[in-house]
Amino acid sequence: MSIPFRSSLFLVSYKNKLSMASFDSSNEIELKDNAEIISSRQVEAVNGSENTDGKKKLDTKSSLIKKQPSGGWTYASLLLVNQGLATLAFFGVGVNLVLFLTRVLEQDNADAANNVSKWTGTVYLFSLIGAFLSDSYWGRYLTCAVFQLVLVLGLGLLSLASWLFLINPAGCGDGVKVCMPSSSVGIAIFYLSIYLIAFGYGGHQPTIATFGADQFDDSHPKAAELKAAFFCYFYFALNAGSLFSNTILVYYEDSGKWTLGFLASLGSAILALVLYMLGTPRYRYLKAYGNPLPRVGQVFIAAYRKWDLAPADANTLYELEGTQSAIKGSRKILHSDDFRFLDKAATVTQNDLCGPNNPWRLCTVTQVEEAKCVLKMLPIWLCTIIYSVIFTQMASLFVEQGDVMAAKFGNFHLPAASMSAFDICSVLICTGIYRHILVPLAGKLSGNPKGLTELQRMGIGLIIGMFAMIAAGVTEIQRLKFVTPGEKRSSLNIFWQIPQYVLVGSSEVFMYVGQLEFFNGQAPDGIKSFGSSLCMASISLGNYVSSLLVNMVMGITARGESPGWIPADLNAGHMDRFYFLIAGLTAIDFVIYVFCAKWYKCINLDASEKGIQLEEQHNDVLGKV
């Protein structure tokens, strides 16, 4: 049965028990003295000196250390440049990978599209690993550095494999000159290298986004506005970096100079790492918060053990006194009425008052709310996966579609993959329009300084993405009308693809920037990188769902003498129907998303103390912006 707080005697007894016990250190939950909290408003160094009892004491006269400013826009901008260069390196491989598989490794269209989808999905699945290491053990800075090293290693191996084993004879893979069959060793090194690239870039992405947001102090009155601007420019930098890959590098790779393109990507990754290291003395660092898996697991186990109890009143649920949270370095989260059954984990019983504290039987409100936040974000996240199916078509079917359209202008052949430059330009232009025109206008109309909420923007992104699939389907219908029997390419100009690329680009500004802001802002302090990684994980599952859809569609439509919707010879298929299928699924997904968005309630952090622990580097105390 639950025990309400009725007397001061109970409170004294309750506090005494708290002071005598602590949470298991392996779960990173501990009780600390208020003097040990380092506030972002005034960072103090604690000079611990051992006394006769072996305990540390605070020397108030010598504890203040003159600090130099850290973080802010200067170092956030350095991280934006790093993001742009790393993205250039990654897309120097990814944007033309489907043509490399078909031209150099001689895979058919469906297999190449599936392999690219699986690879891209793996890239963003690795983001969960990077986020976990960042939040739990390594911190943002070290995680970014390690995964960038892995990216450099993967690009180096790929350059070596293409030079020694795959591009034979020189200049092959240009769509005209056929490559010799590759050796098993060369193919093995190729797949090892591209998955090292996937691991490095995937682990780097969510962590660099969160690390950039860390450069702005939460105690600043405009912290939320500064972070929103950062995420907008973060996606801008991502697309600015990929613009070079989608134009210059694609042209060289499409003409058979694959090794040169891979070496350029390697150089960009090395430069990104060097610039990243330059900011080391002045970055704003936050400590890792400990492994969140035991914390969340404790909530569910404790709630299960008290399943027969009715949840206690919110005012009587267990929480530490003062501003300090049980999750080290994290702010407290105020109670919410969602998932009330989890409140049982914070309900105090007679058994909890007898004996030492057991975090597998009694959890704090903040710990329970952290688990609730994860559960509340999941339905929103699941609704974004279909949009990622739309997004992944640019790297697979859009390229294959453009490769069988008229793309020759005199002696110049426009690579199909370079059409994604219109997507990038659309993102860059729409980002500016959104930040400087739409936000102020919508802010005046709605009273929201952000203009539109993150959830509203994500919904708009879904709608625009649906229209992009309709545009792609219409383009494919027109392409088939201009096919000459016996010819591989349609006479329809490749610039018919511009609307679908532009629509995808404009939808990204609303969907992916909105996702970055939403998941990072709604994630508790202890799992910020995990929040950012949800955006990448959505792209990952979108790629796997796309691959699954292609296999299902081909399994159903390619029967008997029918070649199916996406055969090796696209002129004999109906890829337009596949695009319309995705558009229909997006419409259904939007209806579900609206329901989930209306149900969602935002996280409610304790505003009484915004200070969080800062990590000491080189024996200096790093201050606020």
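Me: When I look at the crossing of α6 and α7, is it left-handed or right-handed?

Reply: This is a predicted model, and every value we discuss is computed from it. As a general idea, two packed helices are described by the angle between their axes and by the distance between those axes. In this structure α6 and α7 pack at an angle of about 150°, with their axes 7 Å apart. Because that angle is over 145 degrees, α6 counts as roughly antiparallel to α7. As for the handedness you asked about, the crossing of α6 and α7 is left-handed.

Me: At what angle do helix α2 and helix α6 pack, and how far apart are their axes?

Reply: Helix α2, which covers residues 73–94, packs against helix α6, residues 223–254, at an angle of about 30°, and their axes are 7 Å apart. An angle under 35 degrees counts as roughly parallel, so α2 is described as roughly parallel to α6. The crossing of α2 and α6 is right-handed. If you turn to the residues of the contact of α2 with α6, you will find that they divide into 14 nonpolar, seven polar and one charged.

Me: How do the axes of α2 and α4 cross?

Reply: The axes of α2 and α4 come within 8 Å and cross at roughly 40°, and α2 and α4 are therefore oblique to each other. The crossing of α2 and α4 is left-handed.

Me: Turning to the rings, how many aromatic pairs does a search of the whole structure find?

Reply: The search finds 41 aromatic pairs in the whole structure. To read one of them, you look at the distance between the ring centres and at the angle between the ring planes, where an angle over 60 degrees counts as edge-to-face. For Tyr141 and Tyr285 the ring centres are 5.5 Å apart and the planes stand at 75°, so this pair is edge-to-face. Tyr141 lies in helix α4, residues 109–166, whereas Tyr285 lies in the loop between α7 (258–278) and α8 (292–305), so the pair ties together parts that are 144 residues apart in sequence. Tyr141 counts as buried at 14% relative accessibility, and Tyr285 is also buried, with a relative accessible area of 2%.

Me: Which helices hold Phe147 and Phe199, and how are their rings arranged?

Reply: Phe147 and Phe199 form an edge-to-face aromatic pair, with 5.0 Å from centre to centre and 65° between the planes. Phe147 lies in helix α4 and Phe199 in helix α5 (residues 184–214), so this pair ties together parts that are 52 residues apart in sequence. Phe147 counts as buried at 2% relative accessibility, while Phe199, with a relative accessible area of 26%, is partly exposed.

Me: Which residues form one aromatic cluster together with Trp73?

Reply: Trp73 forms one aromatic cluster with Phe216, Phe230, Phe231, Tyr233 and Phe234.

Me: Over which rings do the charged ends of Lys344 and Lys376 sit?

Reply: The charged end of Lys344 sits over the ring of Trp307, 4.5 Å from its centre. The charged end of Lys376 sits over the ring of Tyr600, 5.8 Å from the centre of that ring.

Me: Where is Trp381 placed, and is it buried or exposed?

Reply: Trp381 has its place in helix α10, residues 365–383, and it is buried, with a relative accessible area of 11%. The C-alpha atoms of Trp381 and Tyr593 are separated by 9.4 Å, although these residues are 212 residues apart along the chain.

Me: What should I look for in the backbone itself, and which residues does a cis peptide bond join?

Reply: The general idea is that most residues other than glycine have a negative phi, and most peptide bonds are trans. Here a cis peptide bond, with omega about 5°, joins Asn168 and Pro169, and Pro169 has its place in the loop between α4 and α5. Glu106 is not a glycine, yet it has a positive phi of about 60°. Glu106 is found in the loop between α3 (97–103) and α4, and at 47% relative accessibility it counts as partly exposed. Phe339 also has a positive phi, near 50°, and is found in the loop between α8 and α9 (350–353). At 25% relative accessibility, Phe339 counts as partly exposed.

Methods:
Residues numbered from 1 in each chain as written. Predicted model: local features only at pLDDT ≥ 70, side-chain atom pairs only at ≥ 80, totals over all residues. Heavy atoms only, no water. Phe/Tyr/Trp six-rings, centres within 6.5 Å; stacked < 30°, edge-to-face > 60°. Helix = DSSP H or I, 4+ residues; strand = E, 2+ residues; numbered from the N terminus. Buried < 20%, exposed > 50% of the residue type's maximum accessible area, 1.4 Å probe, protein only. Lys NZ or Arg CZ within 6 Å of the ring centre and 35° of its normal. Axes fitted to C-alpha atoms, helices over the stretch in contact; angles between N-to-C directions. Parallel < 35°, antiparallel > 145°, perpendicular 65-115°, else oblique. Left-handed = near helix turned anticlockwise from the far one by under 90°. Nonpolar A, V, L, I, M, F, W, Y, C, P; charged D, E, K, R; others polar.
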